[in-house]
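These are my notebook entries on what I looked up in the structure shown below. I begin with the terms and then go from one region to the next.

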Amino acid sequence: MDEVRKLFTAHLENKGLRKTGERYAILEEIYARSGHFDVDELYAGMKERGLQVSRATVYNTLDLLVEQGLVSKHQFGRNLAQYEKSYGYRQHDHVICTECHKVVEFCDPRIHGIQTMVGDLLNFHILHHSLNLYGICGDCRAQAAARNPHA
């Protein structure tokens, strides 16, 4: 967390922005979480803990953290953006249920091999990738089968 704070502080200084307690509280709340979250979940979690922060500050701080690479932003096929902490976390990909919108992370070293091979083949230095697979999870398939057992 100290390294993340240092990186965020340097980013704020480079942009000539104020280093406010609210911005650091948002950063700490994000890095205390696991998994994906949306703005409303983050905002509600901070309010539950008695932290005074405006919704606008949450949005603006998330934009700064995404810009810095400390947080990743995802659009998993819905109008609702999802975020996750990204500093010091391994590259991973996602499987998203189109029914319940559950997001499952996975890591397969073969994908890194493909990334390297494609970069070599096309003379690209690949910086990162994003892979989202969409389908219907086992729970949703089981619920559908229970609703319609003769299908």
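**Terms and source.** I call a residue buried under 20% relative accessible area, exposed over 50%, and partly exposed in between, with a 1.4 Å probe and protein chains only. The model is predicted, and local features need pLDDT of at least 70, side-chain atom pairs count only at pLDDT 80 or more, while totals for chains, interfaces and linings use all residues. Residues are numbered from 1 along each chain as its sequence is written, and side-chain values use heavy atoms, with hydrogens and water left out.

**Entry 1: Arg5 and Glu28.** I looked up Arg5 and noted that it counts as partly exposed because its relative accessibility is 29%. Arg5 forms a salt bridge with Glu28, and the closest N and O atoms are 2.6 Å apart. I take a salt bridge to be a side-chain nitrogen of Lys or Arg within 4 Å of a carboxyl oxygen of Asp or Glu. The pair links distant parts of the chain, for Arg5 is in helix α1 (residues 2-15) and Glu28 in helix α2 (residues 21-32), 23 residues apart. Helices (H or I, at least four residues) and strands (E, at least two) are DSSP runs, numbered from the N terminus.

**Entry 2: the contact of α1 with α2.** I then asked which residues of α1 meet α2. In α1 they are Val4, Arg5, Phe8, Thr9 and Leu12, and in α2 their counterparts are Arg23, Tyr24, Leu27, Glu28 and Tyr31. Contact here means heavy atoms within 4.5 Å. By class, I noted six nonpolar, one polar and three charged residues in this contact. In this scheme Ala, Val, Leu, Ile, Met, Phe, Trp, Tyr, Cys and Pro count as nonpolar, Asp, Glu, Lys and Arg as charged, and the others, Gly among them, as polar. The axes of the two helices, α1 and α2, come within 11 Å and cross at roughly 145°. Axes are lines fitted to C-alpha atoms, for helices over the stretch in contact, and angles run from 0 to 180 degrees between N-to-C directions. I recorded the crossing of α1 and α2 as right-handed. A crossing is right-handed if the near helix is turned clockwise from the far one by less than a right angle, and left-handed if anticlockwise.

**Entry 3: other salt bridges.** How many salt bridges does the rule give? The count comes to eight. One of them joins the side chains of Lys102 and Asp139, at 3.7 Å from N to O. Lys102 lies in the loop between β3 and β4 (103-106) and Asp139 in helix α6 (residues 138-147), so this pair ties together parts that are 37 residues apart in sequence. Lys102 is partly exposed at 36% relative accessibility, and Asp139 is exposed at 51%. Salt bridges that share partners join Glu29, Arg33 and Arg49 into one network. Within it, the side chains of Glu29 and Arg33 meet at 3.7 Å, N to O. Glu29 counts as buried because its relative accessibility is 6%.

Entry 4: I found His92 in the loop between β2 (81-85) and β3 (93-97). Leaving aside neighbours within four places in sequence, I noted several contacts of Glu84, including Gly35, His36, Phe37 and Glu105.

**Entry 5: positive phi.** I noted that His101, although not a glycine, has a positive phi of about 70°. His101 is in the loop between β3 and β4 and is partly exposed at 31% relative accessibility. Asn123, also a residue other than glycine, has a positive phi near 60°. I located Asn123 in the loop between α5 (109-122) and β5 (132-135), where it counts as exposed at 71% relative accessibility.
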